[in-house]
Amino acid sequence: MTTSADREIPVDEKTATKRLEEEGEIAADYLEELLDIADLDGDIEIDVDHGRAAVEILGEEGAERSLRRLAGPDGEVLDALQELTRLAVQAKTGDRSRLMLDVAGYRAGRRAELLKVAEAAIATVRASGESLALEAMNPFERKVVHDAVAEAGLVSESDGVEPARHVVVRPA
């Protein structure tokens, strides 16, 4: 019997993981400078998640509230900060980054909310047999919903033009 520890990781997978870890390190350096300039305290965690570099700025008890300003009321500030961080990574590596950034658990909390929205939409579409258009969402939010709908065995697609782009859930 072979265990996952016995499994040898292919060279190309190792190379991809190393590249994503490098993206995370570059992003962490950029974000550390930003935190220093903004005089904010935060710890930065780097991971590789679903083929993307994932960086999270975490605050200690009491400091999370000040970090939440980096997310903004509806995540717009976080989206802008993520894009700036991706550009900083691209400037160093020469390659476009798909890095995901979270601040003080904002995206994790939003993901939980979106899963509830997706579950309700799935139940409605199954009960009615009719397509259902959801509210406008950013690309991260649409991806969460698309994944949940696909996992439930239904079909979804994005429709409309930014900033009104939204997910339509359809029966299978």
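This is a predicted model: local features need pLDDT of at least 70, side-chain atom pairs count only at pLDDT 80 or more; totals for chains, interfaces and linings use all residues.
Reader: Why is E141 called buried?
Author: The relative accessibility of E141 is 8%, and since buried means under 20%, E141 counts as buried. E141 has its place in helix α5, residues 139–151, and, leaving aside residues up to four places away in sequence, E141 touches R110 and L114.

Reader: What makes the pair R110 and E141 a salt bridge?
Author: Their side chains meet at 2.7 Å, N to O, and a salt bridge asks for a side-chain nitrogen of Lys or Arg within 4 Å of a carboxyl oxygen of Asp or Glu, so the pair R110 and E141 qualifies. R110 lies in helix α4 and E141 in helix α5, so this pair ties together parts that are 31 residues apart in sequence. Salt bridges that share partners join R110, E113, E135 and E141 into one network.

Reader: How do you know whether R110 and E113 are buried or partly exposed?
Author: R110 has a relative accessibility of 14% and therefore counts as buried, being under the 20% cut-off, whereas E113, at 45%, counts as partly exposed, because that class runs between 20% and 50%. E113 also forms a salt bridge with R110, with the closest N and O atoms 3.0 Å apart, and both lie in helix α4, 3 residues apart, about one turn of the helix.

Reader: Why can E83 and R86 be said to form a salt bridge?
Author: The closest N and O atoms of E83 and R86 are 3.8 Å apart, and the limit is 4 Å, so the pair is counted as a salt bridge. Being 3 residues apart in helix α3, E83 and R86 are separated by about one helical turn; E83, at 36% relative accessibility, counts as partly exposed, while R86, at 13%, counts as buried.

Reader: What makes the buried residues of α3 line one face of the helix?
Author: The buried residues of α3 include L78, L81 and V89, and, seen down the axis of α3, its buried residues fall within an arc of 160°, so they line one face of the helix.

Reader: Why is strand β6 called largely enclosed?
Author: Of the 5 residues of β6 (residues 166–170), 4 are buried, so the strand is largely enclosed by the rest of the structure. Strand β4 pairs with β6 in the antiparallel sense over 3 bridges, and strand β5 pairs with β6, also in the antiparallel sense, over 5 bridges.

Conventions:
Residues are numbered from 1 along each chain as its sequence is written. Side-chain values use heavy atoms; hydrogens and water are left out. Buried means under 20% relative accessible area, exposed over 50%, partly exposed in between (1.4 Å probe, protein chains only). Helices (H or I, at least four residues) and strands (E, at least two) are DSSP runs, numbered from the N terminus. The arc is that of the directions from the helix axis to the C-beta atoms. Contact means heavy atoms within 4.5 Å. Two strands pair if DSSP finds at least two bridges between them.
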